[in-house]
Amino acid sequence: MNDFRLIKLKQFVLFMFSLNISLAQLEVGDTSPDFSAPICMNGEDVNPDIVMGDYWSLFEEGANKVTWINLFTSWWGSCQTEAPQTEEIWQEFLAENENYINIIANGFDWSSYSCEGWAEEFGITYPMLDGGSNGGEAWSLFGDGYIPHNVVLDHNFEVLYTSS
C-alpha cells in the first residue's frame, strides 16, 4: 500500500473512532448503565468503591431520588469556582431534602490537587470519585469534552440533565 493510501486509511480509522466516542455520550432521556469508580473522599471508609446500582439501593425504595454527578478536573478555574457552590447546594439540600438528592463528584487529572487536597481546599463533604487521569467510567458515559460537566440521573438511571 502506498503512503498516500496508508495516510487516508489512518485518517478514516481516526474519523470513525472519533464518531464512536462522540456517539457514546449519554443524552437526556437515555438510561445510564450501572458503573463503578473508586471513592477517594467522603465515603471511602464505608466502601472503597462505588457501584451506582448498589449506591442507589441504600436509599429507602429509591423513590424520587435524583443523583447529580459533577465531573471536574483539579486544575481548571471554572471547576474550582463551581466546587464551593456545589457544596453550598449540597448543604442546603441535606438540611431539608436528603431523601431526594445525592451529589457525587468525579474528579480526574489530579495535577493541581489530590482528591484529599481538593476536598480540604473547597470544604467538600459529598462523596468524591477518583476518575484517574482520564475521567474513568463516568467521563466515558457522560463527558462531552468540556469541564466542568454536570449530569442529573433519576432513580431509574435515566439522564434528566447533562451539560457543560
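**Close-up views of the chain**

**View 1. Phe35 and Phe142 form an edge-to-face aromatic pair.** Phe35 counts as buried at 3% relative accessibility, where buried means under 20% relative accessible area, exposed over 50% and partly exposed in between, using a 1.4 Å probe and protein chains only. The model is predicted: local features need pLDDT of at least 70 and side-chain atom pairs count only at pLDDT 80 or more, whereas totals for chains, interfaces and linings use all residues. Residues are numbered from 1 along each chain as its sequence is written, and side-chain values use heavy atoms, with hydrogens and water left out. Phe35 sits in the loop between helix H1 (3–24) and strand S1, and Phe142 in helix H5, so the pair ties together parts that are 107 residues apart in sequence. The structure holds nine aromatic pairs (rings of Phe, Tyr and Trp, the last by its six-membered ring, with centres within 6.5 Å; stacked under 30 degrees between planes, edge-to-face over 60, otherwise tilted).

View 2. In sequence order, the elements follow the pattern α-β-β-α-β-α-β-α-β-α-β-β. The chain has 164 residues, and 38% of them are buried. Of the contacts (heavy atoms within 4.5 Å) between residues at least 6 apart in sequence, 69% join residues at least 24 apart. The chain exposes about 9400 Å², of which carbon and sulfur atoms supply 55%; these areas come from the Shrake-Rupley method with a 1.4 Å probe, and for residues only the protein chains shown count as cover.

**View 3. A disulfide joins Cys40 to Cys115.** By the rule applied, a pair of cysteine sulfur atoms within 2.5 Å, the count comes to one disulfide. The sulfur atoms of Cys40 and Cys115 are 2.0 Å apart. With 70 degrees about the S-S bond, this link is right-handed. Cys40 belongs to strand S1 and Cys115 to helix H4, so the pair ties together parts that are 75 residues apart in sequence. Both Cys40 and Cys115 are buried, and Cys40 has a relative accessible area of 11%. Leaving aside neighbours within four places in sequence, Cys40 is in contact with Trp110, Cys115, Glu116, Met128, Leu129 and Asp130. The C-alpha atoms of Cys40 and Asp130 are separated by 5.6 Å, although these residues are 90 apart along the chain. Another cysteine, Cys79, is buried with a relative accessible area of 2%.

**View 4. The largest nonpolar core contains 31 residues.** Such a core is a set of buried Ala, Val, Leu, Ile, Met, Phe, Trp, Tyr and Cys residues joined through side-chain atoms within 4.5 Å. Ile69, Trp118, Ile124, Met128 and Phe142 touch the most other members. At least two core residues come from each of strand S1 (36–41), strand S3 (66–73), helix H3 (77–97), strand S4 (101–108), helix H4 (115–122), helix H5 (136–142) and strand S6. Beyond four places in sequence, Met128 touches Pro38, Ile39, Cys40, Met41, Phe72, Ala105, Trp110, Cys115, Trp118 and Ala119. Phe72, Trp110 and Trp118 also belong to one aromatic cluster, together with Tyr113 and Phe122.

**View 5. The side chain of Asn150 makes polar contacts with those of Asn70 and Glu82.** A polar contact is a pair of N or O atoms within 3.5 Å; within protein, one must be able to donate a hydrogen and the other to accept it, and residues adjacent in sequence count only if both atoms are side-chain atoms. The distance is 2.8 Å for Asn70 and 3.2 Å for Glu82. Asn150 is found in strand S6 (residues 149–153) and counts as buried at 11% relative accessibility. Not counting residues up to four places away in sequence, Asn150 touches Trp68, Ile69, Asn70, Glu82, Tyr161, Thr162 and Ser163.

**View 6. The side chains of Thr67 and Asn102 are joined by a polar contact.** The contact has a length of 3.1 Å. Thr67 is part of strand S3 and is buried, with 0% relative accessibility.

Terms used:
Helices (H or I, at least four residues) and strands (E, at least two) are DSSP runs, numbered from the N terminus.
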